[in-house]
Each structure stands twice: as C-alpha cells, then as structure tokens.
Amino acid sequence: MFTCDRGVRFAIAALMFAGVTTMAGQAQRPASRSRPVVPQGPGLGVPAAEALVAAWDVSIPPDGTGLPPGSGNPAQGAQIFNTKCIACHGPEGAGSVNDRLVGGQGTLTSAAPVRTIGSFWPYATTLFDYVRRAMPYPQPHSLSDPEVYALVAYLLNLNGVIAKDAVMDAKTLPRVEMPNRAGFERAYPPRR
Amino acid sequence: MPGLQVVAGGGLLHRRLFLKESAGAAALALLRATPASAAQSQEVPGYMKAPGQGMRPYGERSPHESAVQRLVVPVTGTTGSGSSRTPLEHLEGIITPSSLHFERHHSGVPDIAPADHRLLIHGLVERPLTFDLAALSRYPLVSRVHFVECSGNSTALYAAEPLQATAGSLHGMVSCSEWTGVPLGTLLAEAGVQPAGRWLLAEGADAASMSRSIPVEKALDDALVAIYQNGERLRPENGYPMRLLLPGWEGNTNVKWLRRLKVTAEPVMTKDETSKYTDLMPDGKARQFTFPMGVKSVITSPSGGGQMLGPGLYQISGLAWSGAGRIRRVDVSADGGKTWAPAALSEPVHSKALTRFRMAWRWDGGPVVLASRAADDTGAVQPTRRALIAERGTPFRYHYHAIQSWSVAGNGEVRNVYV
C-alpha cells in the first residue's frame, strides 16, 4: 500500500492563494432536462454493403434471429470442452481459475449465491452469442458454428437443462427454457 | 474568532478559512505550525549552473513522480482481463491524467490502426452506414467533462470486514476526462432510425467483442462517439480510435473500440447484461439495465493506508460525483457521522463529472473518523453503508456508492472503517 508521501499537510501561505472555490450549497443551475439540439453532420457515412453487414452482425437475440446453419450435441461438445475449455473452467465446468459454469441452482437467495449458466443465465441464446464472439479466451473466433452449437449443448446438458441426446441448432436453441428465465427485472426505463 | 470558526465535531473548521478574503491573519497565526529548521543547502544547485535539457516532442512527467502508478489487478490466468485503478490519493483537481485513467478490459487492449477501423450503424435504420475516424473528425464536435466509473468500483466494501487499502485501491475504478466527440444523435439521424428502433447493440473491436444493449433514448440525449480524451486522441486502453461515451452510466456500457451499433426493437441480452452487470437482490431476483451510477463521494486526502504528519491544520480533500447530474453539496464529518458541515466545491461543477471538495480541519492528534456525504441536484443523497446493505444484501456486487469512512488513530495511521 502507498503511504501519503505527497503529504496531506498544507503550507498556510499556499492556501492563501486558493481563492477559486465557492461555497457548497450555493444555488447552482438546475439540471437541464431539455433535449439537446442534435447538430447536423456533413453526411460522410458510407453506405454499408449487405455482405459487410451480414459478416459483422454476429449478435444473437433471445428469439434466435441470426443463428447460423449447423448443429451440435453434448457428446461432441464434451470433446471440444475437454480440449479447449477445461483449463480455465475445470472438469465438467466445475470452475477453475475462471468462472464455474455448472450448478448453483437454488442458491440465489443465499448469502453466497452461485451464478452459473444453469442457475442464473436467463437465455440459452446468450451462450451461443458469447462463446462464438469471445471464447475460448486465448482464441476467440476460432470455433466453427457447429462446434459452438456442440459446446452450448454440452454446457446446457451439464446443467440439466437439455437431454443428453438433444441437438442444438437454429430452431432448437431459442426454444430452450432456462431455469432462471423469470429471475430478472428490468430497471430501465426507470419509474418516473 | 473570525476565520477560525469550528463548524462541526472533530476539528472541522469553516470553509472560509482557506479563502483569502475572510481568513484573519491572527487566526491563521494561531494555527500555523512551527516548521522544523530547513536543511536546505545554501549552495547554488547544479541545475542552475548549466542549461537544462532540451525540448522534446512528447512530454513525460518528472522522474520524481514515477511512483504514482495505477494499481493493476488482472483476472487470474489472464494478462488482458481485469482492472487497473486510478491512484486517487495522489491526484488533485478533477481531471484524471490519461495515463492514469482506470482500465477494465474483458480481453485485453486491441492494437487498432485507424485506417483498418470502421463504425457500422445498421439494423432498424433507413441507411446502414460506416464511418471511419477521418470522417468522424469532420463532424461537429462537442467537448464535455465526464466521469467514467466501473459498476464494480468499490465492490470490496460489500465485504464483511473492511479491507485495508488506499482510496485508489478501493474506489479508483472512476476517472474523469474531457471527452470530445460526435453526438451520437447526429450519426443516428444520418442513418435514419426506424420508429421500431428502441435499443442499440453496441459492440467493441476487442477480443471479447464486448457488447451491451443501450436505449436509443440515451443515445439521443447526451451520448457521444468520443475520439479525443483530454485534448489528444483516445489512449488505446480507453478505446482508440473511437468509443461510446454515455455520461453517468456504468462504465462497461461506454463501449471502447466501438465497431458496431445495431438498432433493435429489444435488447440482445448479451452476456454482460445478463450473467454479469446485473444486480442480484436478496429475494433472488436480479435487476437488469441498472445504468446510472449513484451519487457518491470519497475523501482522497487523507486516505486509507496513509499516515498523518502530526497534529495541526490540514485540508481534507475529496471527490464527489453522480450519474444523475451535478453535485450540489458535500458534507464532511470528523466525528464518525455525528455532526456534519458543508465543504467547499471547486468550480466549475460539471454535470456527471468528478467534483473536487475541500474542507479545513484542525487535527488535535486524537482518534477521529472522517467521512463525506454527497448530494446531487436531483436531491439524491449518498447513503450510509448500513442502509445500502440493508436494502441490497452483500451479494449485490455492483453499484456500491455508500459513505466511506476513514479512521485516524492517535499514531496518525489512517484506516478503512465501517461505521
């Protein structure tokens, strides 16, 4: 830890020149709630080609729009997990140096809640979206779409959410009912 | 005695003491410590006997200040994830030097050449468009002073026992810059948001493709696509070449290395708005999209981990901020919250920005507990830790903004305490 080597003590003479403060509690301008005027731009946006939009648009919402072709099952996912994920997330997703992915159901009201895919995540589509964009941590964007489906299937099966022989694809994944689907309340927009 | 008015317990003195106009010379004389006789050499120093070093194209701070560093706290098993924290106890004023701005990355800092980078706006728009840095630099720019705070800042204070650390180690995932950028509303108007478009998926060009869903309402209110920080281009670790800046909203929504904005009808429900950055309440429900950062303050001098230099006159100095607007008032206590007195706020006070407060204090050398309590111009007041935890419980994890107390012991040691 640091010590206060800079010192918290002040020379009186220096303080005599600190004349730029005003008193707290003095009337300030009220917070402006009026909508700021949006300045007109010079119109330099370049029309985006459809192919570019299609290539970049990787986000997958809860209704599954945009899920790619392909499929995978838990057994296929287990093989990938044991090669590429186990070092950080532990055997069967039990957690290691990084997040535990399995278990924890029934702990959310306890003093030590365990937030995992099975106990906390409200949407199965989020798992596909996140694994495809960001995992495995050292090599994101290295998995094929069927490999992502397989990993998702494996993790959902480990959490008891889908059966051992269930196949995940663009049709089945959005239909998966996550155990904590009703566990979230939106704080936005705020009650006014 | 004029200018030496005790305004609250523990030796707090009237804020006018430090103002030239009102501090009576006689009063100050009473407070003045007797300095130890100076050991300053009478020789002309070497640096006055020869010309100094020449100009240089890019400046560096004094080598004598090199100990002022961010505290780097990586996530185990990674180098690029985790946080580094602004050493608040070593800084003054309200602007955080860009080199000391806190960091929170989810997969490291990408090395982006502007020529390779585009911002794509698409989805529920009339015209999907891309913008590069050169184009954005030609748009009407605005400059504003705003803080950015990680929603996980101060999370250590949820722990049952107070962690002994400095102000920056505990609360340093907040920083404040002058940000210059293009109002996001200008770019959205050019793309033409369709009536059904209520949310934006904002995505970064880092290895995590960090992504958050943002209400269009905020984008049209005061959001910027920032391209300058404190007068120069963004630092890589702050989103170079362009980042989203959502004044007052939790740090991770201010997506760095901004690459894509997709206008949608509903949130995408990304990992960082479901599994993380949601607030688990004691009843097992999690609050989602808790965007604004609460009204907050912390005394930065003295700071936990510090050591007082003996009884006498001090200036208590600290920072206050609110995601809802301007800081209206900061009260300081030197008796553990029994009595309070208003601190002076350093002008100008910007909306959704760090605000410096200062308070005159005569420490008599006995044990005291210092604390600060901020209020903003919406009337919101910083809560006590007890009230905050009574409402939320301790697994809540994010958005900690309760009153911070530092105890000063008779031996001058400054510690983090719960009151």
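## Strands, cores and the A–B contact

B:V369 has B:S407 in β25(B) as its bridge partner. Keep in mind that this is a predicted model. The two strands involved, β24(B) and strand β25 (residues 405–408) of chain B, run antiparallel and are joined by 4 bridges. β24(B) also pairs with strand β20 (residues 327–333) of chain B, again in the antiparallel sense, over 6 bridges. There, B:D331 sits opposite B:R373 in β24(B).

Why is strand β24 (residues 368–376) of chain B largely enclosed by the rest of the structure? Because 8 of its 9 residues are buried.

Strand pairing crosses between the chains too: strand β5 (residues 184–186) of chain A runs parallel to strand β17 (residues 286–288) of chain B, with 3 bridges between them. Here's how the pairings line up:

| Strand | Partner strand | Sense | Bridges |
|---|---|---|---|
| β20(B), residues 327–333 | β24(B) | antiparallel | 6 bridges |
| β25(B), residues 405–408 | β24(B) | antiparallel | 4 bridges |
| β5(A), residues 184–186 | β17(B), residues 286–288 | parallel | 3 bridges |

Zooming out to the whole interface, 91 residues of chain B are in contact with 65 residues of chain A. On the chain B side, helix α4 (residues 184–191) gives the most, with 6 residues. Sorted by class, that side has 38 nonpolar, 31 polar and 22 charged residues.

Now for the packing. In soluble globular proteins, nonpolar side chains tend to be buried together. The largest nonpolar core here has 80 residues, and the members touching the most others are A:L127, A:L151, A:V152, A:L155 and B:V225. Helix α6 (residues 145–158) of chain A supplies the largest share of this core, 10 residues. Setting aside neighbours within four places in sequence, A:V152 is in contact with A:A124, A:L127, A:F128, A:V131, A:M168 and A:L173. Another core, of 57 residues, lies apart from it and includes B:A8, B:I327, B:A371 and B:L388.

One last stop: is B:V174 buried or exposed? B:V174 counts as buried because there are 25 C-beta neighbours inside 10 Å, and the cut-off for buried is 20 or more. B:V174 belongs to strand β9 (residues 174–183) of chain B. Leaving out neighbours within four places in sequence, its contacts are B:T86, B:F102, B:F147, B:E149, B:N153 and B:W321. The C-alpha atoms of B:V174 and B:G152 are 10.0 Å apart, with the two residues 22 apart along the chain.

Key: Residues numbered from 1 in each chain as written. Chains lettered and ligands numbered in written order. Predicted model: local features only at pLDDT ≥ 70, side-chain atom pairs only at ≥ 80, totals over all residues. Core = buried A, V, L, I, M, F, W, Y, C linked by C-beta atoms within 7 Å. Buried ≥ 20, exposed ≤ 12 C-beta atoms within 10 Å, placed from the backbone. Contact = placed C-beta atoms within 7 Å. Pairing = 2+ DSSP bridges. Nonpolar A, V, L, I, M, F, W, Y, C, P; charged D, E, K, R; others polar.
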